[in-house]
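Me: I'm new to this one, so could you take a close look at a single part for me? I'd like to hear about the salt bridges: which side chains pair up, and where do they sit?

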Amino acid sequence: MFRSDTEADREGVKQALRDCIALGHDLTNIEDLVGIGRGVATAVAYSVAAVRTQWEAIQAGEHVASEERRRLGLGSSPAGDLVRLLETQGVRTGVVAMPDDISGLTIAHAHVGLFVVINSEHAPVRQRFSWCHEYAHVLLDRGAAGRISRTTERTDLVELRANAFAAAFLMPVEGVRQFGSHLG
């Protein structure tokens with residue numbers, strides 16, 4: 001999938017992908033050797049109808065974020081350590097330097113596992129959003145071998161849905177209301 005992506009040929013992207021895939025292979029081999037292989041099906045997956053409009057994409061992302069927060073028992077509390085959360089859900093994580101217009105990527109492959117990688121060059125608050133955005137791809141778009149999340153594709157419906165998921169996962173409506181009421 002990534003070989004057919006013309007943008008993946010840019011300096012830094014191809015090497016970051018190679019590094020991530022190699023790391024995923026190594027982790028899979030180590031886990032298989034010690035008998036703790038997790039495979040691609042470890043994390044939960046959500047099935048949603050294909051979205052046709054921006055509004056449907058936003059609603060679908062927010063709905064799945066709410067369901068996932070409920071499943072994880074987060075309620076309206078802050079999500080906490082997102083790397084730990086993803087890892088406990090069977091998702092490998094990595095932080096790699098990539099071009100500025102790439103916030104992260106998701107890989108779902110039998111020999112690599114579920115793997116979310118974010119851009120180490122971005123500010124911590126943006127990285128936090130990227131963890132959630134890529135987690136949405138793990139939960140909703142696992143049928144694709146992988147996705148590269150670029151700022152130039154913000155209007156793409158799949159990317160819009162992942163952004164809506166990330167926003168709702170990080171700042172659930174009820175949590176924002178509670179925070180606001182505490183402020184007076």
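Reply: Here's a walk through the salt bridges, pair by pair. Bear in mind that this is a predicted model, where local features need pLDDT of at least 70, side-chain atom pairs count only at pLDDT 80 or more, and totals for chains, interfaces and linings use all residues. Residues are numbered from 1 along each chain as its sequence is written, and side-chain values use heavy atoms, with hydrogens and water left out.

A salt bridge here means a side-chain nitrogen of Lys or Arg within 4 Å of a carboxyl oxygen of Asp or Glu. That rule gives 7 salt bridges.

Let's start with arginine 161, which pairs with aspartate 141, their closest N and O atoms being 2.3 Å apart. Arginine 161 belongs to helix 5 (residues 157–170), while aspartate 141 is in the loop between helix 4 (124–140) and strand 4 (146–150), so this pair ties together parts 20 residues apart in sequence. (Helices are DSSP runs of H or I, at least four residues; strands are runs of E, at least two; both are numbered from the N terminus.) Both arginine 161 and aspartate 141 are buried, meaning under 20% relative accessible area; exposed is over 50% and partly exposed is in between, using a 1.4 Å probe and protein chains only.

Now for helix 2 (residues 54–72): it holds both arginine 70 and glutamate 67, 3 residues apart, or about one turn of the helix. Their closest N and O atoms are 2.5 Å apart. Arginine 70 is exposed at 53%, whereas glutamate 67 is partly exposed at 29%.

Finally, aspartate 156 meets arginine 147 at 3.6 Å, N to O. Shared partners link Arg147, Asp156 and Glu159 into one network of salt bridges.
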